[in-house]
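This report concerns salt bridges and a helix contact in the structure shown below.

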Amino acid sequence: MEFPGGDDAARPPGVRTRVAPGNRSDQVGNAMSDSRIVKIFDTTLRDGEQSPGCSMNLAEKLKVAQALIDLGVDVIEAGFPIASVGDFEAVREIANSFSGSTICGLARCSEADIDRAWEALQRNPDPRIHVFLATSAIHRTFKLKMTPDEIVTRSIAGVRRAASYTPNVEFSPEDAARTEIDFLCRVVEAVIDAGATTVNIPDTVGYATPAHMGGVISSLMNRVPNIDKATISIHCHNDLGLAVANSLAAVEAGAGQIECTINGIGERAGNCSLEEVVMAMRTRNDYYHCDSRIKSRRLVPTSQLVSSITGMQVQRNKAIVGRNAFAHEAGIHQDGMLKERTTYEIMRPEDVGFDKTDLVLGKHSGRAALLDRARQLGYNLEPDKVNSIFERFKELADRKKEVFDGDIAAVIENELYGTTNDEWALIDYTLTSDLRRTQAIQLEVRRGDQVAHGAAVSDAGPVEAGVQAIRNAIGLDFGCTSYTAQSLSMGEDASVNASFEITYKGEVYRGRGVSRNIFEATLIAVLNAVNRAILDTRSVTNGAAEARSTI
Ligand SMILES: [Zn+2]
């Protein structure tokens, strides 16, 4: 194991011995040979999915799992099986369908949780059970009402039960960042003795700072006698905007696994962002001497897939995957870039999956070109969907001269995420709207054989009228919390992506709709959110509030 520091750390940043990005194109997408490999544990489907408005249905989770396999993550945390029937089924389906990455399920330190996790995971060739129990004084006293000795006893029992099913067991002392270091060392030693092969150190509430977190990991490395028998992992939340920095500090101190999510989605301010932490290690390999197995050219497609499925848009200036991340508009930068790109560019856009050009397809483009483009955009099309998607693409290309990536994504998603017989679909509407008069709408929706009509008038505008008409047609009283509409490509005939967030029975549901007609896209997004509310399978089976509070 090689740690950075020494002479190199003392040099001013400008003269560090870094390899120019342009000289290592052969190594992009692969780990660098002289580096310590840090495992990437993705929890987009568990911690990310848990955040308000990010819930995914089974088909969507399977698509994200496939994208994570293609990206090369080491571990996929697929869910929290005991939390609900939907969580259980998702973990079981992912465990039964995928190999190539370790598939992990979360469990509290109780027999029922661990047994349920194993039930979901057991058919996977490389399963991991992840058990957790809070260790900080505040959690011990107020949440668990347990003594330190009781915490240690229960942690050991949980790890032993998990280890009776699989040798691949991870333990997390919840709120580790606020746990007294002496007690944390005691718990870590005990769970490694009991059979934990990975010990994860979560900053559950996003309280740590980089020097603090580095110190916690160093203390564990120096003070826990059996620490070499387990991989130390880091799990940071972004409440202070420090999740990536804290994770890197932990790696610097010897952590061998980083827990993170695509686009940093997660509860509150989110989790450590996978794309940022991966590219920081790769770009500053000179300093960290660490890398991951991530295929970095899949970062942007995976980011876009997760964004489109969850409706959580990526901010334009987001590091690595934001639309502006590689845009140089200042004149002085452009001049420097033209002379020598490394003057202002520390990474190449193509290395993270941005193509040099937004390749334009047209009506003469064939099936192979469309499939190739779809793959570049992060879609693995099943053979039975290819024909219908190609037909839709041809229809669009006949009406629209240039078909951009955003248009292609819209065609594919409308086809992949079309409504099922259990879901309400928009059949037709009539809208009367002008600047001074009341807006009036009549619409027709269908679910299986059931047809419903709704009508509404509004002074506020067509969206308000449309939402009210959907409420009337379906008879569901939901609230609305947010609405955005964004063009997906260039030109006035671009497809529009509408995202609509509703509240129903205290839960938040986000829906999306895509169309070249902004109003139609909006109505589809509202219906999509309503369908998610109606079909919600997250009915909690075991201690609702507690089951949802996790690391
Ligand atoms: Zn977390």
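**A buried pair between strands**

Strands (E, at least two residues) and helices (H or I, at least four) are DSSP runs, numbered from the N terminus.

**Basis of the model**

The model is predicted: local features need pLDDT of at least 70 and side-chain atom pairs pLDDT 80 or more, while totals for chains, interfaces and linings use all residues. Residues are numbered from 1 along each chain as its sequence is written, and side-chain values use heavy atoms, without hydrogens and water.

**Other salt bridges**

The count comes to 30 salt bridges. Arg46, Asp47 and Glu77 are linked in a network of them. Within it, Arg46 and Asp47 meet at 3.5 Å, N to O; Arg46 is buried at 2% and Asp47 at 0%.

Glu276 forms a salt bridge with Lys318, the closest N and O atoms being 2.6 Å apart. Glu276 lies in helix α11, and Lys318 in the loop between α13 (299–310) and α14 (331–339). Lys318 is buried at 9%.

**The contact of α10 with α11**

Val244, Ser247, Leu248 and Val251 in α10 meet Glu276, Val277, Ala280 and Met281 in α11, contact meaning heavy atoms within 4.5 Å.

How values were computed
A salt bridge is a side-chain nitrogen of Lys or Arg within 4 Å of a carboxyl oxygen of Asp or Glu. Buried means under 20% relative accessible area, exposed over 50%, partly exposed in between (1.4 Å probe, protein chains only).
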